[in-house]
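Thanks, everyone. I would like to take a few minutes on one model, beginning with the ligand site and ending with some backbone details.

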Amino acid sequence: MTTPFGKFFLPGPTEVLPEVAKAQEQPMIGHRGAKTEALLARLDEPLKAAFRTKQPVYIAATSATGLMEAAIRNGVRKKVLCLVNGSFSERFAKIAAACGKEVVKAEIPLGQAFEADQVRGLLETSGADAVTLAHSETSTGVLNPIADIAKVVLAKPDVMYLVDAVTSLGGSPVETDAWGLDFVLTGSQKAFALPPGLAFGVASPRMLERAKALPDRGIYLDLIAYDTAIRKRQTPYTPALSLMYALETQLCRIGDAGGIERRWERHNAMRERVERWVAKEAGARLGLSYLPREGRRSWTVSCLKLPEGGKALGGAVAKAMDAKFGYTIGAGYGNLKDATIRIGHMGDHTVAELEALLGALEEVIKSA
Ligand SMILES: *Cc1c(COP(=O)(O)O)cnc(C)c1O
């Protein structure tokens, strides 16, 4: 590997610092022994701090989608309201249908966020016993106001609130306990900036009650098994030890850098940097604009619309960024491939690195 850090801005997987990757080289330990228990004990407090919860944080050897399926299997009794405004929130609906649940899909145009009042109405008419959504919809760069929506969902006594926080948690505020999230999940390769392969999740006490009453939770994604194990500082199945070594190193780094709030602030500064570039600087001169409106933009991924009818197309811009400057960014997702580009400024990136990327982006779009 010769590429220096600070060139890889895909909206996941995120660039991994060499020292974090290196931590994986530690030797294997017995996964049922005292050493693994000690490792899980060391991970406990920093993970809870990142999730802002008093509940244990489950660590699963799966990508984030595994815990999305766990959310459905353990949280939906019969009927689920899926709030869909992009590919990842859509995935929740697909999983629910594949798991035999009745799905009420509420779809809004790409680039828009769901608002609490809208969800109140949808909940009334749907009769659902659970709601799914993606906090930061990575395909469009939209940040849904999940704290406001939580108030509406929790006003209903028996509706579980299931949140994909894959590109928000670790990069922007997610208050698991204070907001009353029933299940919240993320993956290792997004704002935590670890290699892919781990997913983390937290269940509320009422989510665990719901899960216990559901007979078809399956085996690998049974949250009761994860909950029982972690309370004994174990995992139900062989943990991905090497990734957990990297996790420990990363959580120490986050603590040493001042904690999760400092990490949020750095991500917010990166979001603001792109906003200023698009509103007042080269981005404005080149005719770029945001897909999501102000106030509903993810702190970890900026989805920018290229000038309509212009020569710069998302796929080509992403390719040229690599070919000319060695930067990896995301083209638009799905139908938005050529209409937009996505800059994943999450994990351990800094405003200074982003600054250099924006300079390269200006050159690429100018010469398209
Ligand atoms: C990346 C992503 C996922 C899926 O994660 P995998 O780890 O690939 O399973 C789910 N939701 C969102 C919002 C994502 O960005």
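When I call a residue near a molecule, I mean that one of its heavy atoms lies within 4 Å of it. This is a predicted model, in which local features need pLDDT of at least 70 and side-chain atom pairs count only at pLDDT 80 or more, while totals for chains, interfaces and linings use all residues. Residues are numbered from 1 along each chain as its sequence is written, and side-chain values use heavy atoms, with hydrogens and water left out.

There are 13 residues around the ligand, and those that come nearest are S63, T65, T138, D164 and K190. For polar contacts, that is, pairs of N or O atoms within 3.5 Å, an oxygen atom of the ligand is 2.5 Å from a side-chain N or O atom of T65, and the distance for the side chain of T138 is also given as 2.5 Å. For K190, a side-chain N or O atom is 2.7 Å from an oxygen atom of the ligand. The protein buries 90% of the 380 Å² that the ligand exposes when taken alone, with areas from the Shrake-Rupley method and a 1.4 Å probe.

Turning to the backbone, most residues other than glycine have a negative phi, and most peptide bonds are trans. Here, however, a cis peptide bond joins G12 and P13, with omega about -5°. R52, which is not a glycine, has a positive phi of about 50°, and R233 has a positive phi near 55°.

Key:
Polar contact = N/O pair within 3.5 Å; in protein donor to acceptor, adjacent residues only side chain to side chain.
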